[in-house]
Amino acid sequence: MLGRLLRRVVVIAAAAVLGGCATIDINPVNTPTALPALVPTNTVGADDALRTTVVGLAFSGGGMRAAAFSYGVLRGLDRVPLEGGGSMLDQVRFVSGVSGGSVTAAWFGLHGRRGLSDFEKRFLYRNAEEALRTQVYSVTNIARALDQGVNDRNGFPAWLKENVFGDATFRDLARPGRPVVWINASDITSKAPFVFEPVTFASLCSDLYNYPIAEAVAASAAVPIVFAPVVIRSYADKCGFRLPEHLERLAERRDTSPNVRNYLAALRRYRDVGQVGFVKLLDGGLTDNWGLAGFNVALASASEPYKPMTKDDAVVVERFIFVVIDSGRTLPGDYAKTLEGPSGSALLEAVTDTAIDSAVRNSFEVLRLQMKNWEERLKTWRCGLDPVEVARIRGSAEGWDCRKISVRVERLSFEDLDPATAQRLGAIPTRFNLDQKDVRLSIEAGAAAAVKVLGQE
């Protein structure tokens, strides 16, 4: 016992000495702009048609398990028909993703339904860890861990660029026909969500449209220690951007949700380049493992009652459904069966899971409340519209009921499946390299859950 402890001390000491030899590439790749883009990254809608159902999706974290389960949900949505033709997949207007779920969110945002057939071979059945440093007892890796993180941009970001996203940037997500996509990370200095969206980058006087998708997704999935932070440089002194007045008012209101308040406080700090020269980003699950931050912020900070929808969509829509896809593990550790434990890594995992689960449940309840209030605001706004404006959008105001709109939130999880399947899914590790049978199970389970819960519409 003493010998093992001594060897461990020697290794750590050697690592500390050699730390300077482990070069970490965390140089920022974001570029400055004197004209921040304040428009949304895209208009909503998979096409130009206005339909009565609008769908939003939030893909949780959970490594390859989450990416596969979320992909399965997309497949399942395509099996849920809608009155008037098409499937629920055709009505997806908003997609938010965190960690493993951010890979699926970004891919779907870039390629839509046509890209679904390629996602399995491009990502889900690949070993996305093949470029990572994984040797636990490597002196170099321990040195890197004691520095800022074992894997830098030459690992996961480079792999994602080479194998999945290529040179795609947020400008590609902004092309017509794409849904609005939010990629969520965590700002570890502000202890707040970091959403890759226009106002965030405008606060830093940086160009969102030129930012690589691979870097954003890697930031969203950057587990501490395993990955070095993805760094965003502030150029706050390069432009005269000021937060819009409605966001300043929202930051001062006592009833603003904590997540949104923290987010706005971070944006204010970004304006002071003397205080924040660099933003350090890690896994979005640290602040929001269900990927709700993007939509929560967009909804709470909207300058018009109908946003983040377009005005035309808000007039025509009758049902807005926001679906949270929760791919979190459900199995407790065996320490619940014994007097001893948890200890060591199991204790760290238990503490982390408890903190994350508690945070996401609170965020989910905040979102439910926001959605309920949004529904009432939409009804009030719609009923105050001029019939001429309604006729312009719909072609006719005849038969239109201004109060005929419902907004609801659904959650899909392993709990929606039979207990045996749920148990098998809950045992799948949170990694980016899984056995093919586990990937297949996750895909099939996601599709089944979507059809079961949403097929009753």
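Before you click on anything, one term: a residue is buried if its relative accessible area is under 20%, exposed if over 50%, and partly exposed in between (1.4 Å probe, protein chains only).

What you have open is a predicted model, where local features need pLDDT of at least 70, side-chain atom pairs count only at pLDDT 80 or more, and totals for chains, interfaces and linings use all residues. Residues are numbered from 1 along each chain as its sequence is written, and side-chain values use heavy atoms, with hydrogens and water left out.

**The whole protein**

Start with a cartoon view: there are 17 helices and 8 strands. Helices (H or I, at least four residues) and strands (E, at least two) are DSSP runs, numbered from the N terminus. Of the 457 residues, 53% count as buried.

**Strand S1**

Now select residues 53-59, which make up strand S1. Because 7 of its 7 residues are buried, S1 is largely enclosed by the rest of the structure. In a regular strand, side chains alternate between the two faces of the sheet. Show the side chains here: Thr-53, Val-55, Leu-57 and Phe-59 sit on one side, Val-54, Gly-56 and Ala-58 on the other, and all are buried.

Two strands pair if DSSP finds at least two bridges between them. Strand S7 (residues 319-325) runs parallel to S1, joined by 7 bridges; pick Gly-56 and you'll find its bridge partner in S7 is Phe-322. Strand S2 (residues 92-98) also pairs with S1 in the parallel sense, over 5 bridges, and there Ala-58 has Ser-96 as its partner.

**Aromatic stops**

Time for the rings. Rings of Phe, Tyr and Trp (its six-membered ring) pair if their centres lie within 6.5 Å; planes under 30 degrees apart count as stacked, over 60 as edge-to-face and the rest as tilted. The whole structure holds 23 aromatic pairs.

Zoom in on Trp-182 and Phe-295: their ring centres are 5.8 Å apart with planes at 75°, so this pair is edge-to-face. Trp-182 belongs to strand S3 (residues 180-187) and Phe-295 to helix H12 (residues 293-300), so the pair ties together parts 113 residues apart in sequence. Buried or exposed, Trp-182 and Phe-295? Both are buried.

For a cluster, select Tyr-71, Trp-107, Phe-119, Phe-123, Phe-156, Trp-159 and Phe-432, which are linked by ring pairs.

**Last stop: Arg-249**

Finish at Arg-249 in helix H10 (residues 245-252). Arg-249 is exposed, with a relative accessible area of 51%. Its C-alpha atom is 9.6 Å from that of Ser-301, 52 residues away along the chain.
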